[in-house]
Amino acid sequence: MHFHPDRGHGRQLESEVTPRSLYASRRELLALGAASLLPNLAQAQGQGAKLAATKSSLAGALVMDKPTRYEDATRYNNFYEFGTDKSEPARNAHTLKTSPWSVVVEGECAKPGRFDLEALLKLSPMEERLYRLRCVEGWSMVIPWIGYSLAELIKKVEPNSRAKFVEFTTLADKAQMPELSNGALDWPYVEGLRMDEALHPLTLLAFGMYGEVLPKQNGAPLRLVVPWKYGFKSAKSIVKIRLVEKQPNSSWTKAAQREYGFYSNVNPQVDHPRWSQASERRIGEDGLFAKKRPTLMFNGYEAQVGQLYAGMDLRKNY
Ligand SMILES: Nc1nc2c(c(=O)[nH]1)N[C@H]1C(S)=C(S)[C@@H](COP(=O)(O)O)O[C@H]1N2
Ligand SMILES: [Mo]
C-alpha cells in the first residue's frame, strides 16, 4: 500500500468491523478490481485508512435493512460546499484537507476547549452502527457508520444549566471548497439540536463508515449522524460545537423557513411544502421496477426517540 500524507489521519488502525469488501457484491468487487487499473477515485482522495470499532449493542443502531453499496453511498452526496449536484462532492472533495483538524467546543460549559482529531479519536470507544439516513429530498441510504455518541464529547466539557441547545458549525474555506461562492446557502453551514436530542445515545459523532475513515465527500474527518431527522441536520466536517441558551439559527432554516424547520424530524405525515414525504427511494435500488419505500415516523426510530417529543405538535414544530 502506498503511503499518502493525507491518508486517513496519518495512521493505520486494525479494523475489527465489517470491512468494506463485505458490503460489496461479487460483481462490484470485480468492477473495483478493473477500476484499479484506472486512477482510483478513493486513492486520489487519500482515503481508505481502516478504522477500528466494535459492533454497537445500542437498540436501534443496527437496523435490519441491507446496507447501501459503498459505491452508491460515496458517489451520491449532498455536500454543497463541493457542488449542488449529487455527483460533484465525490469529484471535488479531494481538495478538503482533513489533517491537521481540530474542533472547538465552547459556550455554556465549565470546561470549553479545542480538541484535536487525535484526541477526539481516542475520547471514547468506536462503535459500528448501521443507521438509515433519510434526505429531505426523498431518498435514503443505510450506512454502517463508525463513531461514538456525541454525548461523550458534550459530557467532557461539563455543560451548565443554561446549555439548552447545541450549535454545530462546519468548515468554510474558499481555498478548499470550490463552491462556497455558489450562493446556495449562507456559509458556514450551521445546524442545531436541542440539548436532549444532542445527548440522545443514537446521535452519533461519526469518524468512519464501512470499516474505514470517512471519505471526504461524506464529511471527513468527522460529522454528525442524527438518524431520526432529515439528512441536512447531520452536519459534515464540523469545526465548532457551541452550547447555547437560545435555539440556533440553522443554515437551511435561514434559507427557507417554511420548508426546513428547526426540528426536521422525519415525518411521513407532514409534507414538505413542495412535495410529499410519505415515501422514499433507497439509493442503489433505482430503476424502472424499483418500488418506493414508505417513509417511517422518525425514520423508524420512534421507539427510541418518540418520547423526546411527547406533547409537542409535530405539524407546528416541523
Ligand atoms: N457541511 C455540510 N454538511 C451537510 C450537507 C452540506 O451541504 N454541507 N448536506 C446535508 C444533507 S442535505 C444530507 S442529506 C447529508 C448527506 O450525507 P451523505 O452524503 O453522507 O449521504 O449531509 C448533510 N450535511
Ligand atoms: Mo439532504
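Let's start in a loop: Thr95 sits between helix H5 (88-92) and strand S2 (102-107), where helices (H or I, at least four residues) and strands (E, at least two) are DSSP runs numbered from the N terminus. This is a predicted model, in which local features need pLDDT of at least 70, side-chain atom pairs count only at pLDDT 80 or more, and totals for chains, interfaces and linings use all residues. Residues are numbered from 1 along each chain as its sequence is written, chains are lettered from A and ligands numbered from 1 in the order in which they are written, and side-chain values use heavy atoms, with hydrogens and water left out.

**Thr95 and Gln176**

- Thr95 is partly exposed because its relative accessibility is 37%; buried means under 20% relative accessible area, exposed over 50%, and partly exposed in between (1.4 Å probe, protein chains only).
- Not counting residues up to four places away in sequence, Thr95 touches Phe82, Gln176 and Pro178; a contact means heavy atoms within 4.5 Å.
- Phe82 is 13 residues from Thr95 along the chain, and their C-alpha atoms are separated by 9.3 Å.
- Gln176 belongs to another loop, the one between strand S6 (165-170) and strand S7 (190-194).
- With a relative accessibility of 14%, Gln176 counts as buried.
- Beyond its neighbours within four places in sequence, Gln176 is in contact with Phe82, Thr95, Leu96, Lys97 and Leu171.
- The side chains of Gln176 and Asp173 are joined by a polar contact of 2.7 Å. Such a contact is a pair of N or O atoms within 3.5 Å; within protein, one must be able to donate a hydrogen and the other to accept it, and residues adjacent in sequence count only if both atoms are side-chain atoms.

**The whole protein**

- The protein has 10 helices and 13 strands.
- Of its 318 residues, 56% are buried.
- Among contacts with a separation of 6 or more, 74% are between residues 24 or more positions apart.

- Ala206 lies in strand S8 (residues 204-209), and at 0% relative accessibility Ala206 counts as buried.
- Leaving aside neighbours within four places in sequence, the contacts of Ala206 include Trp145, Ile146, Gly147 and Leu214.
- Ala206 and Glu128 are 78 residues apart along the chain, with 9.4 Å between their C-alpha atoms.
- Ser250 is found in the loop between strand S11 (238-244) and helix H9 (251-255), and its relative accessible area of 1% makes Ser250 buried.
- Apart from neighbours within four places in sequence, Ser250 is in contact with Val190, Glu191, Gly192 and Lys233.
- The C-alpha atoms of Ser250 and Gly192 are separated by 6.2 Å, although these residues are 58 apart along the chain.

**Strand S12 and its partners**

- Strand S12 (residues 279-282) has a covered face with Glu280 and Arg282, and an uncovered one with Ser279 and Arg281.
- S12 runs parallel to strand S5 (residues 139-149), and two bridges join them; two strands pair if DSSP finds at least two bridges between them.
- Arg281 in S12 is the bridge partner of Trp139.
- Strand S13 (residues 293-294) runs antiparallel to S12 and is joined to it by two bridges, with Ser279 opposite Pro294.

**The second largest pocket**

- This pocket has a volume of about 390 Å³.
- Its lining has 26 residues, and the closest to its centre are Asn78, Phe79, Gly231, Phe232 and Lys236.
- S5 gives the most to this lining, with four residues.
- On a 1 Å grid over the protein atoms alone, a pocket is an open set of points where a 1.4 Å probe fits, with protein on both sides within 12 Å along at least five of seven lines, and lining residues have an atom within 4 Å of a point.
- Grid points are joined across faces, edges and corners, and a volume is the space filled by probe spheres set on the points.

**Backbone details**

- The peptide bond from Ser99 to Pro100 is cis, with omega near 0 degrees.
- Trp187 and Pro188 are also joined by a cis peptide bond, with omega about -5 degrees.
- Asn299 is not a glycine, yet has a positive phi of about 60 degrees, and at 2% relative accessibility Asn299 counts as buried.
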